[in-house]
Each structure stands twice: as structure tokens, then as C-alpha cells.
Amino acid sequence: MAVFVCEKCGARVETRCKPKKCPQCSESGTMGKAENPKPQGKGS
Ligand SMILES: [Zn+2]
């Protein structure tokens, strides 16, 4: 599962596939993948 966040209204959606449009504000093309909430440790 991945988390997508609407850049317009900030709605968070947990889904396997990227939503075409926001289920909250119905705006299309605003869904962006949220950062992984899990700590990834050190990276370069
Ligand atoms: Zn939205």
C-alpha cells in the first residue's frame, strides 16, 4: 500500500494504485505520492 496526498486539499489516500483524482475535492492530477512514513535510516 502507498499513501498519496492531494496537493490541493491535503487529503490522504491509502491505495495500491495512484488515484486519478482526489476523492475529497474531485480535482484531477493533484494526487502525489506521500513520503514514506517509515524511517529509512541513513542514506546518501
Ligand atoms: Zn483534494
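Visitor: Which residue in strand 3 is the bridge partner of Cys6?
Guide: In this predicted model, Cys6 has Met31 as its bridge partner in strand 3.

Visitor: And how many bridges join strand 1 to strand 3, and which way do the two run?
Guide: Strand 1 and strand 3 run antiparallel, and three bridges join them.

Visitor: What about strand 2, how many bridges join strand 1 to that one?
Guide: Strand 1, which covers residues 2–6, is joined to strand 2 by four bridges, and this pair runs antiparallel. Among the facing residues, Phe4 has Val13 as its bridge partner in strand 2, while Val5 stands opposite Arg12 of that strand.

Visitor: Where is there a positive phi in the hairpin of strand 1 and strand 2?
Guide: Gly10 takes a positive phi, near 85°, in that hairpin, which has five residues between its strands.

Visitor: Stepping back, in what order do the strands of the sheet come?
Guide: The three strands are arranged in the order 2-1-3, forming an open sheet whose pairing is antiparallel.

Visitor: Why is one side of strand 2 and of strand 3 left without a neighbour in the sheet?
Guide: Strand 2 (12–15) and strand 3 (31–33) stand at the edges and have a single partner strand each, so one side of either strand is left without a neighbour in the sheet.

Visitor: What does the twist average?
Guide: From one strand to the next, the twist averages 35°.

Note on methods: Residues are numbered from 1 along each chain as its sequence is written. This is a predicted model: local features need pLDDT of at least 70, side-chain atom pairs count only at pLDDT 80 or more; totals for chains, interfaces and linings use all residues. Two strands pair if DSSP finds at least two bridges between them. Axes are lines fitted to C-alpha atoms, for helices over the stretch in contact, and angles run from 0 to 180 degrees between N-to-C directions.
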